[in-house]
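Subject: Structure for your review

Dear colleague,

Please find the structure below, together with its sequence. My notes on helix packing and strand pairing follow it.

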Amino acid sequence: MTTLEHSIVMGGSMAGLLAAAALAPHSARVTIVDRDPLPVDGPDAFAPRRGVPQGGTVHRLLALGEERMEELLPGLREEVLAAGAVPRAAREADPVLDEATPNEGAPAADDPLGTDEHDAPDVDEPGTLWLTRPVLEGVVRRRVLALPGVEAVQGAVGGLLTSDDKRTVLGVQLRGGEDDELHGDLVVDAAGRSSRAATWVEGLGFERPRTLGTRVHVAYTSQRLRLREGAMPEGAESLGQPATGNSPFTIDLEPCGADEHILSIAGTARHQPPTDLEGLLDMVALPPERETADALDSALEGAEPVGEPSGAKAAGAHRQLWEETTDGPAGLVHVGDSAAMFTPLYGQGMAMAAVGAVALRDTLADDGADGLAARFPRLLGALLDRAWEITTSRDAQIPGAEMLVDGAVVEELPAAGSLVGAASGE
C-alpha cells in the first residue's frame with residue numbers, strides 16, 4: 001500500500017539501504033543520497049567503501065540480522081553465498097561474544113524482539129555465514145536499487161527543507177550533486193556517525209536529544225591471507241583468542257570466501273595493534289594461552305598475504321535518545337547509527353539496523369505515514385534497548401572504559417528508557 005509520494009534516505013550504507021527496502025512498498029519513489037558512488041556492477045560493487053572503515057574485517061552478522069534482512073529481501077542469503085560468503089558449519093564459541101556473562105543475549109519475556117509474529121533469535125545468537133561487509137553491502141545494494149521506484153543520487157546533505165513554520169521537514173538541501181534541493185514527504189536519517197540531524201533539529205527550535213555513550217577506543221588491523229592447504233586444525237572453521245587481563249588484544253582468524261582467511265587483531269583502551277603483517281604475526285605468538293597461540297601460529301605458517309593490511313578505529317558506542325524528546329519536526333525519522341551506534345567488537349550494528357528497517361516497514365503498513373515521526377522513535381528505542389544494554393555492559397568491563405551522558409563522563413549510564421517523558425513531567 002503506497003502511503004508516501006517520495007521518501008528520501010540520507011546515507012547509502014547498510015542502514016540506508018535497508019531503510020530504502022522498507023520504504024519501497026509504501027512510497028512511489030525512494031531516493032538514497034550518499035557522498036560516495038553506489039555501484040551495483042563490476043569490481044567496484046564489492047570493493048570497500050571510503051565511508052566504511054571496517055570493510056577489511058570478517059563481519060559477525062548475527063542471526064537476528066540475517067533473519068530481518070531476509071524478511072526485507074527474500075532470497076538474500078543465497079545471493080550472498082553466490083557472491084562469496086562462506087556457510088558457517090556449526091555454532092562455534094565466539095571468543096568475543098561468549099566471554100561475557102552467560103545467556104545475557106536472551107530476550108526478556110517482554111522483549112519487543114520476541115513478540116508478535118517476530119519470534120526472534122537471541123540478540124547475540126551467531127549467524128550462519130562468514131562474510132565481509134563489502135560482499136554483504138554489495139549484494140544488498142544491488143537488490144535494493146533494483147526495487148521499483150528506488151534510485152540513488154550522489155551528493156552531501158547540507159540541511160533540511162521545512163515548512164514556513166519549521167514544524168514539518170519537506171526535503172533536504174544538497175551539495176555536490178546535480179540538484180540543490182530534493183523535495184519529499186519523508187526524510188530518513190541514516191547518515192550514521194556523520195549525521196548532523198540533531199544540530200539541524202535544534203536549529204529549527206526543537207529539543208536536541210540526549211546522548212549516551214561509551215569510550216573504549218577500539219583499533220583494528222586486518223590482513224587477508226591465503227593459507228596453505230590443511231593449515232586449520234581438523235574440524236575448526238576459525239581460531240580466536242579473546243582479550244584477557246594480561247592482554248587488551250583480541251585475535252581472530254576467520255574464513256572470508258575465495259578460499260581465503262582474514263587475520264584481525266583488535267585492541268582496546270588506546271592499545272593499537274601492529275599495522276604490518278610481520279607485526280601481526282609476531283603478536284599471534286604472544287598470548288599466554290599456549291594451545292590457542294600455537295594453533296594460530298601453526299595455521300599461519302606459510303600464509304601468503306592478499307593485498308595490504310587495513311585499519312579502522314572506533315571510540316565506542318553512541319546513542320541519540322530521539323525517543324525521549326517530547327517534540328520534533330514531522331517528516332523526519334532516524335535509523336541505524338543515527339539512532340544507536342554500537343561498539344563494533346560485538347557485531348550488533350548491521351543486525352540492529354535491519355531490526356529498525358523492518359520496524360519502519362511494519363509501522364507504515366499498520367498505521368500509515370501520519371504521525372510517523374512521533375510514533376517511530378519510541379518503537380525503535382524499545383527494540384534497541386536490549387542490544388544497547390549488552391554493548392554498554394561489556395564495554396564497562398574494558399579497563400579504562402568511560403561512560404558518557406551528553407558527552408560528560410559519568411559513573412554509570414542511566415537505564416534504557418528511564419528518562420522518557422522526564423522533560424514533560426510524565
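In helix 1, Met-14, Leu-17, Leu-18, Ala-20 and Ala-21 meet Arg-133, Leu-136, Glu-137, Val-140, Arg-141 and Val-144 of helix 4, where contact means heavy atoms within 4.5 Å. By class, this contact of helix 1 with helix 4 has 8 nonpolar, no polar and 3 charged residues; Ala, Val, Leu, Ile, Met, Phe, Trp, Tyr, Cys and Pro count as nonpolar, Asp, Glu, Lys and Arg as charged, and the others, Gly among them, as polar.

Please note that this is a predicted model, in which local features need pLDDT of at least 70 and side-chain atom pairs count only at pLDDT 80 or more, while totals for chains, interfaces and linings use all residues. Residues are numbered from 1 along each chain as its sequence is written, and side-chain values use heavy atoms, with hydrogens and water left out.

Helix packing

Helix 1 (residues 14-23) and helix 4 (residues 133-145) pack at an angle of about 30 degrees, their axes being 10 Å apart. Helix 1 is therefore roughly parallel to helix 4 (angles under 35 degrees count as roughly parallel). Axes are lines fitted to C-alpha atoms, for helices over the stretch in contact, and angles run from 0 to 180 degrees between N-to-C directions. Helices (H or I, at least four residues) and strands (E, at least two) are DSSP runs, numbered from the N terminus.

With helix 8 (residues 349-367), helix 1 packs at an angle of about 20 degrees, and the axes are 8 Å apart. Met-14, Ala-15, Leu-18, Ala-19, Ala-22 and Leu-23 of helix 1 meet residues of helix 8 including Met-350, Ala-353 and Arg-361. The contact of helix 1 with helix 8 has, by class, 12 nonpolar, no polar and 1 charged residues.

Strand pairing

Strand 14 (residues 249-257) is mostly covered, with 9 of its 9 residues buried (under 20% relative accessible area, 1.4 Å probe, protein chains only). Strand 13 (residues 239-241) runs antiparallel to strand 14 and is joined to it by 3 bridges; two strands pair if DSSP finds at least two bridges between them. Within this pairing, Gly-240 has Asp-252 as its bridge partner.

Strand 14 also pairs with strand 15 (residues 260-267) in the antiparallel sense, over 8 bridges. Here Pro-255 stands opposite His-261.

Yours sincerely

Note on methods
Angles under 35 degrees count as roughly parallel, over 145 as roughly antiparallel, 65 to 115 as roughly perpendicular and the rest as oblique. Buried means under 20% relative accessible area, exposed over 50%, partly exposed in between (1.4 Å probe, protein chains only).
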